[in-house]
Amino acid sequence: MALYGLVLLPLAGAAAAWLAGRASPRAPWSVAIATLVLLAGLLAYVTHAVPAGGGPWLAHVSAPWIPALGITLRCDMDGLGLVLLWLTVALSFPCVLLSSRDIADAPGTFHALLLATIAGVDGVFIATDLFLFFFFWELMLVPLYVLITVWGHEDRTRAAFKFFLFTQGSGLLMLLSILGLVVVHQHQTGVLTFDYFTLATTHLSPPLAMGLMLGFFVAFAVKLPVVPLHVWLPDTHTQAPTAGSVLLAGVLLKTGGYGLIRFVVLLFPDAAVRFAPVALALGALGILYGAWLALMQDDIKRLIAYSSVSHLGFVLLGVFSGSALGMAGAVVQMVAHGLSTGALFVIAGALQDRLHTRDLRRMGGLWPALPHLSATGLVFAIASLGLPGLGNFVGEFLVLLATWRVSPPIAILGAAGLVLSALYALTMIGRAFLGSPPGDGWAALPDFGARHMTVLGAAMALLLALGLYPQPVLDLSLPALPHDAARPIASPPVAPGGPRP
């Protein structure tokens with residue numbers, strides 16, 4: 001039952017924060033922090049309660065939901081889900097702790113939407129009923145759309161609409177693939193079910209498997225994002241409030257990588273192997289294209305957004321490299337990217353708050369005025385470019401090593417992207433923090449205080465730990481296979497005409 005709590009607790013916190021907003025502007029913030037503390041404690045309990053030698057699936061819970069359609073409230077957690085759940089909790093704290101400027105109006109609604117998004121993300125990482133998974137997939141998108149529309153920047157409405165259009169349109173393709181897989185399985189067995197483990201045994205002809213797999217792939221490729229389905233991302237990141245950018249870059253994009261692993265590679269393994277050359281080419285294209293466009297940007301948030309397109313291209317390479325080494329590298333890259341890019345968006349938001357601009361051409365010479373902010377910006381910039389000793393280097397190195405074994409040209413192109421990443425990261429630091437300030441220099445600006453330095457210091461420590469000792473994450477990162485389910489379904493699928501004998 002603790003798995004259900006990972007979703008129900010933030011939903012309850014969302015309702016409490018909304019109600020608290022009517023009493024006091026400060027109360028929703030306190031409710032949100034308390035909810036996240038309880039959520040972290042619950043996840044720690046789930047992690048600690050995993051039985052030794054219990055198999056690749058670490059936790060399981062299931063209950064009937066719509067028995068007539070074979071839909072259950074089935075949730076399962078493996079090491080991959082556990083790693084990403086911890087990433088979600090870790091990045092939720094800065095979203096709440098550092099969002100004071102974004103919530104001058106309706107703080108209760110703001111925190112309610114933020115917690116509802118977190119609940120949807122948690123559900124995505126544990127749902128193993130495909131209908132339930134789709135439900136959570138949609139749940140995490142709607143509140144984030146409202147957050148961007150209401151609390152975003154000057155062109156927020158257009159950016160939010162583009163975000164909603166791309167994610168909802170691709171989500172409908174995934175829904176069609178889910179329904180297609182369910183119908184094919186029912187036709188073969190006479191059993192109507194949305195259970196992930198049961199549907200994984202469905203026999204599919206190669207063309208049908210490829211068609212159904214592509215429906216899933218497009219939905220997850222939009223979210224990752226994969227070029228050319230990335231066009232919603234730069235505008236959305238630029239216009240989103242700081243908390244929205246951190247949550248989007250740090251967590252929501254990772255649902256795309258998770259979906260590629262869980263529902264593309266593992267649910268359609270043969271089709272994924274046939275599609276791998278295309279996916280590898282798209283990954284290399286994304287690495288180079290995102291890095292080149294990042295180098296061309298003057299808006300600091302757009303620069304960071306395009307850098308995400310580039311860095312997450314390594315996730316696509318790792319997932320489709322066809323090896324456990326590449327898969328582990330992809331997961332490490334997701335975790336490291338979430339920490340480093342989430343922190344960079346916090347820094348970009350702080351610069352916009354203080355300077356009232358995102359334009360790098362209007363910055364420069366900030367280091368003497370903002371030494372703490374500038375120093376943290378330097379640390380996370382060099383982390384994002386893959387400096388050895390930090391987590392990003394581990395993920396990218398493992399992915400390139402695995403890719404070299406299957407396609408040396410693709411690995412060379414990916415490595416070339418790392419050269420470009422060094423150029424745009426160091427250019428951003430030079431233009432923002434070094435050199436001469438514009439005009440007569442900067443007036444007195446508030447530097448990062450204890451709250452910002454504590455949050456960003458924790459992210460630095462995690463990146464350093466991941467870079468120096470990644471083994472715990474590597475041990476957990478490999479996903480459990482569908483046929484490794486250790487426990488039976490609590491409520492059996494329904495055959496036409498009544499329950500199965």
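The C-alpha centres of domain 1 and domain 2 are 22 Å apart in this predicted model, the chain being divided into domain 1 (1-266) and domain 2 (268-486), with bounds that come from an automatic or database domain assignment. The contact between them, where contact means heavy atoms within 4.5 Å, takes 60 residues from domain 1 and 50 residues from domain 2. As the model is predicted, local features need pLDDT of at least 70 and side-chain atom pairs count only at pLDDT 80 or more, whereas totals for chains, interfaces and linings use all residues. Residues are numbered from 1 along each chain as its sequence is written, and side-chain values use heavy atoms, with hydrogens and water left out.

The size of an interface is often given as the accessible area lost when the parts come together. Between domain 1 and domain 2 the buried area is about 4,900 Å², and carbon and sulfur atoms give 76% of this area; buried area is here the accessible area (1.4 Å probe) that two parts lose on being put together, summed over both. Two salt bridges are counted between the domains, a salt bridge being a side-chain nitrogen of Lys or Arg within 4 Å of a carboxyl oxygen of Asp or Glu. The side chains of Arg 302 and Asp 235 form a salt bridge with an N to O distance of 2.7 Å.

On the side of domain 1 that touches domain 2, at least two residues each are supplied by α3 (79-97), α8 (196-199), α9 (206-223), α10 (232-239) and α11 (242-265), and α11 gives the most, with 15 residues. This side of domain 1 divides into 41 nonpolar, 11 polar and eight charged residues, where Ala, Val, Leu, Ile, Met, Phe, Trp, Tyr, Cys and Pro count as nonpolar, Asp, Glu, Lys and Arg as charged, and the others, Gly among them, as polar.

The chain holds 19 helices and six strands, taken as DSSP runs (helices H or I, at least four residues; strands E, at least two) and numbered from the N terminus. Its C-alpha trace spans about 80 × 60 × 45 Å along the principal axes. Within helix α3 lies Phe 93, which, neighbours within four places in sequence being left aside, is in contact with Leu 36 and Val 37. Phe 93 and Val 37 are 56 residues apart in sequence and 8.8 Å apart in space, C-alpha to C-alpha.

Most residues other than glycine have a negative phi, and most peptide bonds are trans. The peptide bond from Leu 224 to Pro 225 is cis, with omega near 0°, and Val 227 and Pro 228 are likewise joined by a cis peptide bond, with omega about 15°. His 356, although not a glycine, has a positive phi of about 60° and lies in the loop between α14 (324-355) and α15 (371-384).
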